[in-house]
Amino acid sequence: MTSELATVFGRIGLLSFGGPAAQIALMHKELVEKRDWLSEEQFLRALSFCMLLPGPEAMQLATYAGWKRQGMIGGLIGGGLFVLPGALVIMVLALAYGAYGNLPVVQALFLGVKATVVIIVIEALLKIARRALVKRAHLFLAVAAFVALFFFALPFPLVIALAALIGALGQTGAVTTPTIRSGSLRTSLSVLLIGGLIWAAPFGLIALSGNAFLLDVGIFFSTLAVVTFGGAYAVLAYMTQEVVVSFGWLSTAQMMDALGLAETTPGPLILVTQFVGMIAGMAEGGAAMALLAGALTLWVTFVPCFIWIFAGAPLIDWLDGRPRLRGALAAITAAVVGVIANLSLWFALHVFFSQVDTVFFGPLQFIWPAPNTLQPLALGLAAITGLLLLWRHWPLPLVLLISAALSLAAAAISGTI
């Protein structure tokens, strides 16, 4: 059975391009339609449960499916093989980017990638908005989240926490789940305790080494792992603010390149954190530090995902019918629309203009571009990729390739490379 699990989830990991929706559809085909490892009801219930959790829901769904099939060993196989192919690709890309990313020809290619990323984020915004904004209250939460982030620069975790609180308090209805069994509760508490110790284990080694940089990397990405409600797009603006402004590990342009590269690889988009950790590590201490920082980032990002599933899966029936939990989830999803709208505008301004300044006006704090720094080529590339992705629905890898090639050709014609 173990070899069959490895074969199936290895195949899923290698083919998991296209974001959560495509990844979940692939797993439904492989696990429900082809093999009957999960019933339709089990699959949907597990998906709802995974959406309640911080972290990538598709990876957690793979972990749950493996756990359901063969316990914790199966869960480690399912979740691990979902992440491993993309992590290996990101490792190679990050090392290559660190060595050659400043070359003019590479910068020309990445202008096309960045222009495509603007459209990718807008497409994600439209998809989530159609699903999330089903009530007027949800629209209000989305607008409020956008205003809080773009005009007041409130911290992302605070915005998400407030949305969850509003959603939970505003939800009514009877609890329909069975009484929790004491054995299940003890198992879950044991998993949380032991899993938490395993998650924290690298910090002991870091403390002994006295490396302040790795300590900062570990603490930051550990924090990120517990606030990533709503998927990678929702947390990218918060991550960028911290990585670029607070720590100074990467530039804004490098952050946009990181997202573009993560979009081209299999696996969860949150693997962008590994790329960020590696580029920061390379700037700190070369390739060896890059590999250490990347491995640490992967550990603190994905170990919690296994903990949530192994601790929560035995309680899934109990959690499924809690109305206040569902109200909190719906509110978070609505707020994420505003969060991604903020990210869309942030990316667009930084791609289309070469100078973007921060404006302070009383309690307001927002970014605004210098109009004379508009980059027509970036705007044109985004228009082309928008037509291909949003209207013609061409495959993302092909659109990325076309945009990068057009950007390279324009640079060659202008003589900048």
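1. Let's start with Tyr64 and Trp67. In this predicted model, the two residues sit in helix H4, which spans residues 57-100. They are 3 residues apart, about one turn of the helix. Tyr64 counts as buried, because its relative accessibility is 3%, under the 20% cut-off.

2. Compare Phe213 and Trp249, an edge-to-face pair with 5.8 Å centre to centre and 75° between the planes.

3. Where do Phe213 and Trp249 lie in the chain? Phe213 belongs to helix H9, while Trp249 is in the loop between H10 and H11. The two are 36 residues apart, and the pair links distant parts of the chain. Both Phe213 and Trp249 are buried.

4. Ring pairs join Phe213 and Trp249 with Phe156, Phe220, Phe221, Tyr238 and Phe247. If you colour one set of side chains, I'd pick this one.

5. Helix H10 covers residues 232-247 and has a kink of about 30°, centred on Tyr238.

6. What does H10 pack against? Its buried residues meet helices H5 (104-132), H7 (156-170), H9 (212-225), H11 (252-263), H12 (272-312) and H14 (323-352). The run from Ala232 through Ala234, taking in Tyr233, is buried. Val235, Leu236, Ala237, Tyr238, Met239 and Thr240 are buried too, and Val243 and Val244 complete the list of buried H10 residues.

7. Over in helix H5, have a look at Ile128. Ile128 has a relative accessible area of 13%, so this residue counts as buried. Leaving out residues up to four places away in sequence, Ile128 touches Thr333, Val336, Val337 and Ile340. Ile128 and Ile340 are 212 residues apart along the chain, yet their C-alpha atoms are separated by 9.2 Å.

8. One last item, involving a charge and a ring. Arg392 lies over the face of Trp391, at 5.1 Å from the ring centre. These two are neighbours in the numbering, as the names show.

Technical notes. Residues are numbered from 1 along each chain as its sequence is written. This is a predicted model: local features need pLDDT of at least 70, side-chain atom pairs count only at pLDDT 80 or more; totals for chains, interfaces and linings use all residues. Side-chain values use heavy atoms; hydrogens and water are left out. The bend at a residue is the angle between axes fitted to the seven residues ending there and the seven starting there. Helices (H or I, at least four residues) and strands (E, at least two) are DSSP runs, numbered from the N terminus. Buried means under 20% relative accessible area, exposed over 50%, partly exposed in between (1.4 Å probe, protein chains only). Contact means heavy atoms within 4.5 Å. Rings of Phe, Tyr and Trp (its six-membered ring) pair if their centres lie within 6.5 Å; planes under 30 degrees apart count as stacked, over 60 as edge-to-face and the rest as tilted. A charge sits over a ring if NZ of Lys or CZ of Arg is within 6 Å of the ring centre and within 35 degrees of the ring normal.
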